[in-house]
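Let's take a walk through this protein together.

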Amino acid sequence: MFSLKKRLIAAFISVITLVSFTNFTNTVYASSLTTIVEIVISDGFLGTISIKALPEKRVSVLGGNLGTLMRVRFTDPDTDDQLLETSYTSSSFGLTTSNVDISTLTPNEYHIFAKGRSHLTRKMSNVNLTTDTTNIDFSYGDTEYLYAGDVNGTIFGDDIVNAIDLSILINDLDSFDLRTDLNRDNTVNALDLSILITNLDKEGDA
Ligand SMILES: [Ca+2]
Ligand SMILES: [Ca+2]
């Protein structure tokens, strides 16, 4: 006869084996020697993803020059309720440096919004997130960029480029401020002014 301890270990191993073959999507019934063990697995929550978004018109630097403070929001397409918001500083290649936890969301369609600290919001509509989703690319393969120039406010501005932003940048001319150095060449000058003027009156996606 096996001892009770060994029988429990054997039952536990059989449960673990069964669970490992279910891909965590089903209800699993595992039979031990004397009892029926029911393990209810949820229908699946999302895990973690990487996000890519590129600020526009950065000067090219060896090792990349595309990092910025980012805010990403997920909303319900039917109600517009915000379901998740996360902020991070992107890498020099415009990527999250570690995966973003979206495990509070279930597989579904979402509107996803990405905003840079000095950049206007870009929206992806009706994105179908599944448990297989591993990344969200607001650059669409390095072809799309976030518009620069929203430099007012405490952290993320007001999502419009207007005279307020213009006056802030003009005040910073010939000095250095990370926020108004739009092209990130370590000085605020006419190049940054030109980028902002090009985007005057642009608004972020709503
Ligand atoms: Ca603004
Ligand atoms: Ca600059």
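**Starting from one pair**

Ile49 sits opposite Val100 in E6. Two strands count as paired if DSSP finds at least two bridges between them. Before going on, note that this is a predicted model, where local features need pLDDT of at least 70 and side-chain atom pairs count only at pLDDT 80 or more, while totals for chains, interfaces and linings use all residues. Residues are numbered from 1 along each chain as its sequence is written, and chains are lettered from A and ligands numbered from 1 in the order in which they are written.

E3 is part of an open sheet of three strands, in the order E6-E3-E9, with mixed pairing. Strands E6 (100-101) and E9 (135-137) are the edges, each pairing on one side only.

There is also an open sheet of four strands, ordered E5-E4-E7-E8, and its pairing is antiparallel. Here the edge strands are E5 (82-89) and E8 (122-129). Seven bridges link E4 (residues 69-75) to E5, and Met70 has Tyr88 in E5 as its bridge partner.

What does the protein chain have overall? Three helices and nine strands, which are DSSP runs numbered from the N terminus (helices: H or I, at least four residues; strands: E, at least two).
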